[in-house]
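The sequence and the structure come next, and the reading follows them.

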Amino acid sequence: ITMKTYLSADMFSDPDFPLAVSCLLQRPSMVPHCHEFIELVLVAKGHTIHQIENDSGESISHGLIQGDCFTILPGEVHAYTESHNLLLYNVAFQEQILEKELDELKGIPVWHALFESSHTPLRNWLHLLPHKRRIVEDYLKKMILEISRRRPGYRFRARLAFLECLVTISDARELGWHSNGTVPVSGILKTLDYMENTLERPFDLNKLAQMANMSVSSYTKKFRDVVGDSPGEYFLGLKLEKVRCELIETDYSLSELAYRNGFCDDTYLVKQFRKRHGITPARYRRLLAAK
């Protein structure tokens, strides 16, 4: 199979404004490919095993989950396998789009982590907590809207949203790439599926380890290697994100939200929500209503 190269001429409808944004549900696998442009990727939903080639042509893989953010530089070869419900935002751009702010951007640590080339393509990647991810998604949606509508001033507004996106990403947690080697990533991802679909049930570490065919200690360590968080913290984060969405979309009381999402009572829910988001659920709902 011939490796596909995505060309700038095909990607950018306006060659004088090389910025394009998409949000697409991915196929279960994507063959190795590269591009002529920089690609910033945000995992909006689902998970996958990401493979990227090093200088020797060897494929190095790593699990990616909702909230992960990374870059592929021009000429780097990568692919996705074992993708499940994988929704990606892809920002394709040339560095010239940020030319006016480039000197200042290069002073932000996130620029080095994501955009500076080295002898290896395995730069660090970032993980956005749910509330940060939602903010970034809003900016990405604004970019898609502005570029598609092409109203007078759309370039300015799309570029401004991109800068806001990068600033928000700069606060994300930085993680280091690892070569998975023989780490059973598929088993870890299988348990992610289970957690995402059983948020109302009690957390059961033993069951998760059995599903991954691992001991509890090995599972906990490998889970942290792949996901960047402990199984318990990740599960709690999923539940709190569901609560956050239901605060926006429903009029359920705190007691109902606690019951629906597997919290022992609304007091514990409020404590954990405030710890994660820095605000109580009631105040969060009032602020949204005011907007």
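## Charge, overall build and one hairpin

The protein carries 36 positive and 37 negative side chains, and the centres of these two sets lie 7 Å apart. These values, like those below, were computed from a predicted model.

The secondary structure comes to twelve helices and nine strands. With a radius of gyration of 20 Å, close to the 19 Å that the globule rule gives for 291 residues, the protein is therefore as compact as a globular protein of that length. Among contacts between residues at least 6 apart in sequence, 76% join residues that are at least 24 apart. Further values for the protein as a whole are set out in the table.

| Property of the protein | Value |
|---|---|
| Box filled by the C-alpha atoms, along the principal axes | roughly 55 × 50 × 35 Å |
| Buried share of the 291 residues | 48% |

Two of the strands can be followed in detail. Strand S4, which covers residues 38-53, pairs with S5 in the antiparallel sense over seven bridges, and Glu53 stands opposite Ser59 in S5. Five residues lie between the strands in this hairpin of S4 and S5, where Gly57 takes a positive phi near 85°.

How much of strand S5 is covered? Strand S5, residues 59-65, is mostly covered, since five of its seven residues are buried.

Note on methods: Residues are numbered from 1 along each chain as its sequence is written. This is a predicted model: local features need pLDDT of at least 70, side-chain atom pairs count only at pLDDT 80 or more; totals for chains, interfaces and linings use all residues. Side-chain values use heavy atoms; hydrogens and water are left out. Buried means under 20% relative accessible area, exposed over 50%, partly exposed in between (1.4 Å probe, protein chains only). Helices (H or I, at least four residues) and strands (E, at least two) are DSSP runs, numbered from the N terminus. Two strands pair if DSSP finds at least two bridges between them. The radius of gyration is taken over C-alpha atoms; the globule rule is 2.2 Å times the number of residues to the power 0.38. Contact means heavy atoms within 4.5 Å. Lys and Arg count as positive and Asp and Glu as negative; His and the chain ends are not counted. The place of a charge is taken as NZ of Lys, CZ of Arg, CG of Asp or CD of Glu.
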